[in-house]
Amino acid sequence: MSSSIAAIHVAKTQLGLDDDTYRAKLSNITGKTSAKAMSESERQRVLTVFRNEGFAPIGTSKRTGARAKLSGKFAKKLQALWIAGYNLGTVRDRDDAALEAFVRRQTGIDRERWLHHADDAERVIEALKGWIAREAGVTWSNAGLHPDSYMRHFGYKIAHAQWAIVAPDAAKDFWPVVIDLVNHDVLDRHLSDQEWITVMNYLGDRIRKDQPNIIGTES
């Protein structure tokens, strides 16, 4: 699935468009009712209209003068967990500064240590995973899973927990939604990292829009 198609799906959710309104807009802009049927230039026209109507792509920052991103041997793994918490509704602020403040409050470990030293990083990672598991129902254990199971993937674990929040009574609809989002082979559930990111971002938008009362804090 192209990034522009994924962005259009996210925009639909952010803007609160029902299916009829969404397809009517697509038709008005391009003459087509499906993003998949459009050329890339047509998709960009749709995204331009959606941005003008208030769509803010994932990762867009409205602030200026923000601190530099965290860097270090373990930064990416910690950031991935923090963004997962954001997409699950347990984290209110996805910025690195909020992650740093949370770690300082919860563990007291200095940032230079958890960014560069394995033992301290592991303590912070386990603290974050434990908190996310308690607050959002993520199952981290791989016990009993085949070594090649798609259920071992970080993205699957987060997305599966997200779907339980979004549609607790529609577990059977999880894979149809995932497959539609990433245009993936229905028989192959081994998605790439980027495909899972697309799914997690989409479901994260739904959680923040449809169920704002569940959004937690970092305290």
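What you see is a predicted model. Its fold is built from ten helices and zero strands.

- In soluble globular proteins, nonpolar side chains tend to be buried together.
- Of the 219 residues here, 43% count as buried.
- Among contacts with a separation of 6 or more, 60% link residues 24 or more positions apart.
- The accessible surface is about 11800 Å², and carbon and sulfur atoms make up 49% of that surface.

**A closer look at helix α5**
- Helix α5 covers residues 96-107, and its twelve residues reach 16 Å from first C-alpha to last, close to the 16 Å expected.
- Its buried residues are D96, A98, L99, E100, A101, F102 and V103.
- These buried residues pack against α4 (75-88), α6 (111-116) and α7 (118-136).

**How confident is the prediction?**
- The average pLDDT is 85, and 89% of the residues score at least 70.
- Over residues 61-67, however, the pLDDT is below 50, and this stretch has three contacts in the model beyond near neighbours in sequence.
- Where pLDDT is low, the predicted coordinates should not be read in detail.
- Among the elements, helix α8 (residues 154-166) has the highest mean pLDDT, 96, while α6 has the lowest, 82.

Methods. Residues are numbered from 1 along each chain as its sequence is written. This is a predicted model: local features need pLDDT of at least 70, side-chain atom pairs count only at pLDDT 80 or more; totals for chains, interfaces and linings use all residues. Side-chain values use heavy atoms; hydrogens and water are left out. Helices (H or I, at least four residues) and strands (E, at least two) are DSSP runs, numbered from the N terminus. The expected span of a helix is 1.5 Å times one less than its number of residues. Buried means under 20% relative accessible area, exposed over 50%, partly exposed in between (1.4 Å probe, protein chains only). Contact means heavy atoms within 4.5 Å. pLDDT is the predictor's confidence in each residue, from 0 to 100. Accessible areas come from the Shrake-Rupley method with a 1.4 Å probe; for residues, only the protein chains shown count as cover.
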